[in-house]
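Visitor: I would like to learn how charged side chains pair up. Could you show me a structure?

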Amino acid sequence: MPIIVKEFTWKQTPTALNITIPLSQGKKEKVDLFATDSYIKAHYSPFLFEVFLLHDVNIDKSKCLVKEDFIILDLVKREEQEWEQLEKELTKAEKMKLRQEILEKCQEKAKEEFEQKRIKKSEMDRFTVQKAMEIDSRHHEIMDKRRDEQRKIAMDALEEWRVNADGEGSKGVKIVQLPDDKENGVVIEEVTDEKPTPKVEPEEVKVKKVPQPATPHPKKLVKTPVKSEYVDKKRAEASKRVLPALRSQASLDIHHTPRVFPTPSRESARAEEDAWLKNVTLARRATGFVSEDLRPEEQDPEWCKNKGDEFFRAGNYLGAISAYTHGILLSDRLPSLFSNRAATHFALGNFNKCVNDCSTALELLAPPCAANRRARAACLARRAAGLARLGYLHKAIDEMKAASNLMPHDDTIKKDIYDMERAWEQNPDDY
């Protein structure tokens, strides 16, 4: 349980409030601070400082400073006024209710802030994608513009070359285009004005026919079979081979050697396995109960229960668990075996197993009636004790109240309920 801090100092002005909380020597661990406009809590194990402020403060403008020996809270008042006292006068029930309301309000505020951050992040992601698309579009426009400029430069150069070529052609060069029905393979000779001949007019083209070579026809390939004496011999042997008759059907019975270990048996590990089994047997015999040593008349769940009760009273908890477990293997319908084993697990500190056995016993104690009322109350109380040891104090209180409804005159159960509720009220955040 935490220790409530009562020794602290505070001072005020019309607009501000200062609270100084001393830190114990040797407790320089992490300080958990929870602050709202009307409630402040500081926890530094095992100490707890908690205050319900008389009026609201502006927590967004306030500051907290953690030093070596002090925690200093500089709070800004929402209204300029002098406070008669620091905190409100409330009962434990009112404090618990107000604390729960403040916690729920803070949780809702945290959810709203998380949702706003999520929406803002989504908008930023969308804005980033949009800007990236715009940048990509501008890059494409720049590339298209450069491409068009280079195309224009190339077309202008081509046009200039064509104009120059036309100017040179007017001096005595002319190209005559042959009709489509002419044969391919022609040679064009250019005649200029410098060496005119009487037979050829200027600006004409003389065409000489070039004979086409004959296209050779490919010879058709003929496949010639290749003979092999070895292949012929193997084929002859395969044709003369006689296959054996089919086997007659039969069923095989396979019996596996029982093993304690899940792995296959190996000769190299035989000595180690035997030593382990021997040690386990000696350990079980040391508890006082070995199921293999029982006589046939002792193979009875009731006998195992009575034997386990003897071990439990003698303080031999391991032997009691062995006896109860063997009784459950013989018959898993007796709730007393599970409830007694739960008590033994609780004595050993195995609280998880205790809770599970109590739950199984309550399932077997059905339907609920007056005859099993005391047994059900005992199982509920023991399960509540196990949950309390595991840290689930809120659930343990509900279980203990259910047991009290079955046994309203049991003072022990009432005392346990009072202790649990007191621990819950002092520090509900730890459970």
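Visitor: Which residue forms a salt bridge with Arg78?

Guide: This is a predicted model, where local features need pLDDT of at least 70, side-chain atom pairs count only at pLDDT 80 or more, and totals for chains, interfaces and linings use all residues. Residues are numbered from 1 along each chain as its sequence is written, and side-chain values use heavy atoms, with hydrogens and water left out. A salt bridge is a side-chain nitrogen of Lys or Arg within 4 Å of a carboxyl oxygen of Asp or Glu. Here the closest N and O atoms are 3.0 Å apart, and the partner of Arg78 is Asp37.

Visitor: How many residues apart in sequence are the parts that Arg78 and Asp37 tie together?

Guide: Strands are DSSP runs (E, at least two residues) and helices are too (H or I, at least four), numbered from the N terminus. Arg78 lies in the loop between strand S8 (70-77) and H1, and Asp37 in the loop between strand S4 (32-35) and strand S5 (39-44), so the parts tied together are apart in sequence by 41 residues.

Visitor: Which helix holds both Glu115 and Arg118?

Guide: These two form a salt bridge, with the closest N and O atoms 2.3 Å apart. They sit three residues apart, about one turn of the helix, and that helix is H1.

Visitor: Is Lys234 buried, partly exposed or exposed?

Guide: Buried means under 20% relative accessible area, exposed over 50%, and partly exposed in between (1.4 Å probe, protein chains only). Lys234 has 40% relative accessibility, so Lys234 counts as partly exposed.

Visitor: How many salt bridges does a search of the whole structure find?

Guide: Lys234 and Glu237 form one, with the closest N and O atoms 3.9 Å apart. For the whole structure, the search finds 17.
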